[in-house]
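Visitor: I'd like to learn how to read a few features of a model like this one. Could we start with disulfides and go on from there?

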Amino acid sequence: MAPRPPWRALLTCTAATAITFAVLPALPAGAAPTDYESEAATISQGAVESNHAGYSGTGFVNFDNIAGSHIEYTVNAAQAGTQTLTFRYANGTTVDRPVALSVNGTAAGTLSFPGTGAWTTWKTVTKDVTLAAGVNKIRTTATTANGGPNADKLTASGVADAEAPTPPKNLAAKDIKARSATFTWEAATDNVGVVRYEVMRGGNILKTVDGNTLTATVDNLTPNTAYDISVGAFDAAGNPSQQSNVVQFTTPPSGDTTPPTVPGNLRSTSVTANSVSLAWNASTDDSGTIAGYDVYQGTAKVATTPSLEATITGLTANTSYTFTAKARDLDGNASAASNALTAKTSGNAGGGIPEYDKDIAKVDLAWSVDFLPDGTALATERDRFEILRITPSGQKTTVGKVPGAVGTNGEGGLLGLAISPNYATDHAIYLYHTASGDNRIVKMTYDNGTLSPTSTPVLTGIAKNRYHNGGRLRFGPDGKLYATAGDGQNKDTPQNKGSLNGKILRINPDGSAPGDNPFFSTGGNARYVWSFGHRNPQGLAWDSRGQLWASEFGDGTQDELNLIQKGGNFGWPQCEGTSGSCGGTVAPKKTWPTSSGGPSGIEIVNDWVYVAAVTSEQVFATQINAAGNGVGSVQSLFSGRWGRLRSVTKTPDGGLWLTSTNADKNGGTPSGIDNVVVRLKFPGSSQPGAFKLASSAFADNASIPGKYTCSGDGTAGQDTSPPLAWGPGTTGAKGYAVVFADVANSGNKLHWAIWDIPASATSLPEGLGAGFTVPNQNGAKQKAMGSGANSQKYFGPCPGGSSHPYTFTLYALNTATVPGLTSSSTMAQIETAIKNASSANVKLRGTSNAAT
């Protein structure tokens with residue numbers, strides 16, 4: 001090997017990353033081969049490089065060409081005993097490059113690394129050694145002036161400890177003070193031994209003690225605050241127990257009677273026709289902590305937030321409003337009012353800031369919502385294990401219970417819901433739920449108001465725990481099913497691709513792994529992994545470019561909004577948000593302090609991201625930038641109005657449904673129907689009484705997202721139709737029709753038409769099925785350009801230029817059925833007949849750059 005050029009930096013790393021390497025011999029039951037990447041080991045006289053293909057991880061280590069250069073790996077063993085060490089290497093020379101092996105400072109022989117024929121040809125050398133329980137130091141030291149080979153990784157394999165400790169018992173709290181409390185519990189048991197206990201509030205660690213300690217005093221509590229505390233046990237292999245019993249208490253007030261200082265410099269940061277965004281400078285308090293801020297419009301409290309900003313919605317255009325803000329401390333002492341600020345709303349709707357429209361329904365804990373082709377919704381009741389059908393007018397029906405679903409007295413239960421993109425033909429719905437032994441994804445059918453009595457497993461074996469279960473399901477523009485899986489309170493899982501936990505997963509609807517997944521060739525569970533290094537990922541949504549965004553609960557520092565990369569490592573547990581050892585990981589696009597964030601479900605409309613937040617009890621709204629690689633400033637909406645917000649979902653009629661999940665801790669209160677589903681609206685998109693066509697997927701005169709064009713699948717025709725919604729206005733329509741056309745160069749190239757839409761309809765869902773008679777649309781008919789199958793399904797933009805123009809034209813029909821049309825009618829005949837049968841029309845414009 002040629003000497004290293006002087007510009008190559010010498011690197012020393014200390015963190016070892018564990019992932020599964022599936023291309024190994026079969027191991028005994030319970031075996032868990034674990035990879036330790038060389039570039040993440042401690043390196044002396046060597047450098048991390050990536051100039052030869054075929055390595056795993058982020059690179060390999062090039063030993064300096066001297067005797068004594070070495071790599072030291074930190075290997076964890078669940079228990080003492082023999083393990084097989086497998087070293088993956090390349091040696092493009094014909095000269096052996098031997099290394100001396102030592103284990104915990106004791107010589108363990110010399111390993112030969114003969115030539116592999118090329119630097120891109122990787123082979124393995126194995127050695128059986130005896131490891132101690134816990135941490136072991138494995139060092140390979142070059143014995144000749146040629147140095148060692150290019151070192152890719154070390155794989156340690158042996159009989160792993162897969163048995164988790166029992167839950168600690170009889171947790172109790174004593175000496176509860178304003179800022180501290182002491183906890184005691186009975187020991188957990190384990191087949192090898194308990195090495196630590198974690199005292200937790202919700203899913204966040206308050207204190208860690210060793211496995212021999214059965215008491216802990218937590219001294220970072222806050223006065224006058226409700227707590228729910230549990231304890232978990234861990235063994236040396238990182239297996240977590242289920243949680244102990246929960247103790248609940250409220251710390252007493254501190255006796256403080258001094259109010260905080262007044263919030264300074266109350267100011268307006270932006271206005272729209274229906275909203276005013278406010279910000280202010282932080283207050284201070286002699287306790288050191290501000291509990292929150294209250295915003296007043298006159299004497300009425302209009303927002304309660306832990307943040308330093310809030311957006312007040314539901315205002316009237318061209319109107320002046322006066323606001324003040326007050327701070328509160330932990331004992332409830334309120335500051336005097338800030339300076340009064342008067343701001344005037346604009347005359348034009350901003351489009352990105354929704355406002356409250358109406359209540360839809362009362363529910364227990366509606367964790368996830370998805371819409372059927374007929375415009376009604378299905379929702380999961382987390383702790384009742386039921387599926388609700390909810391109409392846009394608020395009619396609510398329990399359609400059935402999911403068999404095998406159980407709770408965890410925490411964040412588990414019936415969680416995610418995704419309706420099949422082929423629902424018109426398969427009537428399939430997909431659910432993520434906690435079962436007796438795991439979290440799992442199952443398929444059921446819902447047809448003619450009936451839920452199937454049984455479920456079919458799609459993917460099982462996602463470890464469960466009281467917290468960190470993930471649970472969101474969503475179909476992507478590619479037709480694949482995506483799922484968020486939490487780490488199950490085991491920090492070893494997110495970096496281990498052999499585990500389904502701490503990941504965003506991508507699967508085919510039949511449960512198989514897509515061949516283009518980034519780690520498909522690795523085999524095993526890694527086949528399903530789309531991204532890894534997640535703690536407890538939550539919401540999933542796609543932007544107009546087809547990019548996936550996800551929200552994530554942090555530990556004690558930062559919550560995250562991430563732009564997901566295929567195969568990307570998002571850092572947990574070494575990196576949380578932007579703190580910790582974050583080298584080589586994907587940075588979040590937005591972070592919030594965990595005390596004022598809690599991002600759960602997310603939705604994207606017109607490249608605005610809406611985040612339902614549980615901790616801060618508000619909706620975050622931010623716009624994706626023009627480059628598509630970041631977001632702008634974040635506005636906080638509906639602060640404190642409905643409490644803990646869990647999901648936000650775009651509706652077929654151009655709005656958003658928002659759900660709350662208050663009292664969702666410790667298994668919830670399934671006997672109480674005290675949470676809400678509310679509808680939000682976008683001012684200007686559906687003006688009362690107006691005859692206007694809109695889409696929740698794109699604004700008028702904006703770019704039509706690629707998923708609704710031939711770019712969606714790279715083939716002209718047979719495309720996914722966008723959601724459309726309209727108001728009846730004063731047309732007195734007896735039916736509706738929509739014609740979609742390419743209008744470039746003053747032309748009118750007809751792509752698709754749908755007619756005989758009933759007068760009672762005010763929307764069309766995304767993804768209409770194929771057929772001259774449109775599935776699930778009450779007798780509506782459709783026709784498209786082209787022939788064969790292409791002529792009986794929506795035909796999207798194709799081709800396009802940088803701003804190729806198209807229009808959707810909505811026609812109000814003066815007859816319920818357009819006469820004279822058959823499946824053999826031409827597009828021109830159809831448009832003429834629709835025009836002759838209409839009394840009014842309105843257009844929704846869009847541009848496209850689609851191409852096959």
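Visitor: Which residue does a disulfide join to C710?

Guide: First the general idea: a disulfide is a covalent bond between the sulfur atoms of two cysteines. Here we're looking at a predicted model, and in it C710 is joined to C798, with 2.2 Å from S to S. The torsion about that S-S bond is about 80°, so the link is right-handed.

Visitor: Where do C710 and C798 lie, and what does the pair tie together?

Guide: C710 is in the loop between β55 (702–703) and β56, while C798 is in the loop between β60 (781–784) and β61. The bond therefore ties together parts that are 88 residues apart in sequence.

Visitor: Is C798 buried or exposed?

Guide: Read it off the relative accessible area: under 20% is buried. C798 comes in at 12%, so it's buried, and C710, at 0%, is buried too.

Visitor: How many disulfides does a search of the whole structure find?

Guide: Two. C575 and C582 form a disulfide as well, with their sulfur atoms 2.0 Å apart. That link is right-handed, with 90° about the S-S bond. C575 is buried at 2%, whereas C582 is partly exposed at 21%. Count the bonded cysteines along the chain and the pattern is 1-2, 3-4.

Visitor: On to cores, then. Which residues have the most contacts inside the largest nonpolar core?

Guide: The general idea is that in soluble globular proteins, nonpolar side chains tend to be buried together. In this model the largest nonpolar core has 30 residues, and W726, I754, I757 and F808 have the most contacts inside it. The elements giving two or more residues to this core are β56 (724–726), β57 (735–742), β58 (749–758), β61 (804–813) and β62 (838–848). Of these, β61 gives the most, with four residues.

Visitor: What does W726 touch?

Guide: Leaving out residues up to four places away in sequence, W726 touches K692, L693, Y736, I757, A761, T762, S763, L764 and L810.

Visitor: And which residues does the second, separate core include?

Guide: Among its 26 residues are I43, I71, V129 and A151.

Visitor: Last one: where does pLDDT stay under 50?

Guide: Start with the overall picture: the chain averages a pLDDT of 90, and 94% of the residues score at least 70. Over residues 1–31, though, pLDDT stays under 50, and the model has 80 contacts beyond four places in sequence for that stretch. Residues 685–689 also stay under 50, with six such contacts.

How values were computed
Residues are numbered from 1 along each chain as its sequence is written. Side-chain values use heavy atoms; hydrogens and water are left out. A nonpolar core is a set of buried Ala, Val, Leu, Ile, Met, Phe, Trp, Tyr and Cys residues joined through side-chain atoms within 4.5 Å. Buried means under 20% relative accessible area, exposed over 50%, partly exposed in between (1.4 Å probe, protein chains only). Contact means heavy atoms within 4.5 Å. pLDDT is the predictor's confidence in each residue, from 0 to 100. A disulfide is a pair of cysteine sulfur atoms within 2.5 Å.
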